[in-house]
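My entries follow in the order in which I looked.

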Amino acid sequence: MIQFTVKRYLNICLISGLMAFGFLPSPAMLMDESLITIETMHTALVYRVEDSEVNCYYFGESLQDYEVFRSVTTPAKGPLISSARGQNFNEPALRVTHHDGVLSTELTYIKHETKAVSPGVRQTIITLKDKVYAFWVEVSFTAWFNEDIISMSTRLLNREPGPVQLFDYASGYLPLYAGKYFLTSFHGEWYSEMNLQEEELTRGIKILDSRHGTRSTHKLSPAFILSLDRPATETTGHLVAGTIAWSGNWSLTFEKQVSEVVHCLGGINSEGSEWELAPGGSFQTPRFLFTYSAAGKGRASRYFHRWARKYALMQGERLRPTLLNNWEGTYFDFDERKIEEIIRDGSEIGVEMFVLDDGWFGSRYPRDNDRAGLGDWTVNRKKLPGGIGHLIEQTHARGMKFGIWIEPEMVNPKSELYERHPEWVLQEPTRDRYRQRNQYVLDMGNPSVQDFVFGITDHLLTEYPAIAYIKWDANSHFSNVGSTVLPTERQSYVNIAYTQGLYHVLDRIRAKYPEVMMQVCASGGGRVDYGALPYFHEFWTSDDTDALQRIFIQWGTSHFFPAIAMAAHVSATPGHLTHRVLPIKFRFDVAMTGRLGMELQPGQMSEEEKAFSNMALKTYREIVRPVVQLGDLYRLVSPYEHNIASLMYVSTDRRRAVLFAYHHHFRFGDMFDNIRPQGLDPTARYKIRDINTIDPERQKWSEHSYTGEFLMKHGFRVVSSWGSTDDPLAIGLFGEYTSEVVELQQVD
Ligand code: DGJ
């Protein structure tokens, strides 16, 4: 529910008339001290209109009564949008040069309105205008009431007689107020995504950003948690958690000056992306999404997860199949026979879908390695004489679905596509063309490239309507930021035009193929953002499938993204780069906390491993999947703080739960705190048992049932060096890479 309390002093016709001519309503007409409250079930953001300015008075837990903000006792934290102007010495959210060369912008309130978009979702648009210039800013908020997520974005409109140059144009600005601030951010690399780091903000400016274009989350994620006053834990502390829904260059700025206020700005990274707004033109910024938690980080994650499943993923409330991908099993080295065997063996161990990865295409320049063929999307008949159709038949005959890999935004110089269209790649006429992974990036801002990229998916899905899943990869970031279709003076549009072009193509694909499952991938987790995710069912979390590293990668990723979207595959051991040998149970127990899959040649597993896989896939399908994919996550023991880690998922009706515990670094004699479950119904009784084990004895339900209250207060005892695990309330983690999965079920 969004309160909508503005008194209307101006008649609508008069406003429209003034607006049409770009005149500023006189301050006297705007003496109304209105409150504008953007509210969700637990969160509120309050603005007050005063002296024709809109100021932010509050962002925090929702209140019973907002009338208190009509008085002036609480100081304003900052404006609605901080602009570059004479009296603002902070980093501005908006910095433009007006048509006559004036550098400052002074925004005044014009009007606001709130409307219901759908049940539980409301939009508030606050319209501002420069005091002098016919330059308008519409600040738009969407509030998802039940999910406790708010988004903020701006639309900039130029009604001036000449062009306006946009230099900085953040989507959102939040002035926050606390004694101290602790910033958690997520940094990474290929093979090591979403590592957590936390630091206290000191005076000055802290910027998190990306300039990698396609691989928007390659080094840093556009996600943050800002703990207020003291570092938040999983269950305690006030914090703001936010992210930017944009699959291109982004930036997040946290500025702490002499006052206690921290100015937090987020949006497109404007570096090298100056944009000219012609008279009559407008520019829409992407969404800056955020939430507030007064009970720690876990709650903020659950807010994002629930929201994502309902609003920000394709079919986010539909269970995902398990799958077997051949990439780590074969890399480029496969033929039809090998793939047929993988399909056969995969079906025997019980996976539900097979996905054919890179290397299936290219005729004149076969894609036998990453140096050739990318861009030539015709099947390589030497490798696969029966073509895709034959593999689909094989897969269907074994009762599985079929999926396929593409990397449509890229091209190898050694390809027929590049020979035909060298002008389609991003390039600068005077510079060498830089390659990453031996490939160039196609210019998605070019309408012909957009048609081509749409065509790749469209042809595949038209010719093979049985394709159920597409893995959409992108393995190169931007190096040459230049386009052959943009005029010289518009080259700074490339970054933004690329992402807009990508979304345009994905819109076309989704309009025609709403059902086909799609995974977003960019050399692993290089494009995990809420700009891309609405088009996709899931993301490839990392090329690193080593279960130990995955504990950390998935831990970080889970702060903003739900398990249903987090692809997690069991791969062969030892790991390719880590050379670590890990037990099959440990590998499954880790991968089960996301969308479970496998990434190996099942034929190369031992009989024991095959039998375990068969049991584990069944356990996942029948017990774990609905709870993990649709339930609420509770992170219980952090791998960053302890040599063990534990997390659990609880179904939204709290009737079922699955708890995972891992021992990732063993030192004999280590003692651990009890692992205390969370999220259970305190008054209900639960029986418990071990699952994902081949020992039938250990899978027996506990003789007794325990109240949720008892389990949450008492917890599970961790036995790691000596002692017995006969007690159902003991979790045995005997040695490095041991793990347990515990099922909890309510007894009626
Ligand atoms: C990078 C992806 O992350 C991998 O899973 C795989 O699809 C390769 N690309 C294929 O080239």
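Residue classes came first: I count Ala, Val, Leu, Ile, Met, Phe, Trp, Tyr, Cys and Pro as nonpolar, Asp, Glu, Lys and Arg as charged, and the others, Gly among them, as polar. By that scheme the shell around the ligand holds four nonpolar, three polar and six charged residues.

Notes on the source. The model is predicted, so to speak of local features I need pLDDT of at least 70, and side-chain atom pairs count only at pLDDT 80 or more, while totals for chains, interfaces and linings use all residues. Residues are numbered from 1 along each chain as its sequence is written, and side-chain values use heavy atoms, with hydrogens and water left out.

**Ligand site**

Of the 13 residues around the ligand, Asp357, Asp358, Lys471, Asp473 and Asp543 come nearest.

Next I checked polar contacts (a pair of N or O atoms within 3.5 Å; within protein, one must be able to donate a hydrogen and the other to accept it, and residues adjacent in sequence count only if both atoms are side-chain atoms). A side-chain N or O atom of Asp473 is 2.6 Å from a nitrogen atom of the ligand. For Lys471, the side-chain N or O atom is 2.7 Å from a ligand oxygen. Trp405 has a polar side-chain atom 3.0 Å from an oxygen atom of the ligand. On its own the ligand has 290 Å² of accessible area, and the protein covers 98% of that. I took accessible areas from the Shrake-Rupley method with a 1.4 Å probe; for residues, only the protein chains shown count as cover.

**Salt bridges**

My criterion is a side-chain nitrogen of Lys or Arg within 4 Å of a carboxyl oxygen of Asp or Glu. Searching the whole structure, I find 45 salt bridges. For burial I use relative accessible area: buried is under 20%, exposed over 50%, partly exposed in between (1.4 Å probe, protein chains only). Helices (H or I, at least four residues) and strands (E, at least two) are DSSP runs, numbered from the N terminus.

Lys471 and Asp357 form a salt bridge at 2.8 Å, N to O. Lys471 lies in strand S27 (residues 467–472) and Asp357 in the loop between strand S23 (353–356) and helix H5 (387–397), so the pair ties together parts that are 114 residues apart in sequence. Lys471 is buried at 4%, and Asp357 is buried at 2%.

Asp748 pairs with Arg655, the closest N and O atoms being 2.4 Å apart. Asp748 is in the segment after strand S39 (739–747) and Arg655 in the loop between S33 and S34, so this pair ties together parts 93 residues apart in sequence. Asp748 is exposed at 85%, whereas Arg655 is partly exposed at 31%.

I also noted a network of salt bridges that links Asp358, Arg367, Asp370 and Arg437.

**Backbone**

Which peptide bond is cis? The one that joins Thr573 and Pro574 is, with omega about 0 degrees. Pro574 sits in the loop between strand S30 (566–571) and H10. I then checked helix H10 (residues 584–591) itself: eight of its eight residues are buried, so it is largely enclosed by the rest of the structure.

Tyr191 is not a glycine, yet it has a positive phi of about 80 degrees. I place Tyr191 in the loop between S12 and strand S13 (195–200), and it is buried at 12%. Arg654, also not a glycine, has a positive phi of about 65 degrees. Its place is the loop between strand S33 (644–650) and S34, and Arg654 is partly exposed at 35%.

**Surface patch**

I searched for patches, which are made of residues with over 30% relative accessible area and no salt bridge; like charges are joined within 9 Å, nonpolar side chains (Val, Leu, Ile, Met, Phe, Trp, Tyr) within 5 Å. Phe668, Met671 and Trp722 make a nonpolar one of about 450 Å². Phe668 lies in the loop between strand S34 (656–663) and strand S35 (685–691) and is exposed at 58%.

Key
A residue is near a molecule or strand if one of its heavy atoms lies within 4 Å of it.
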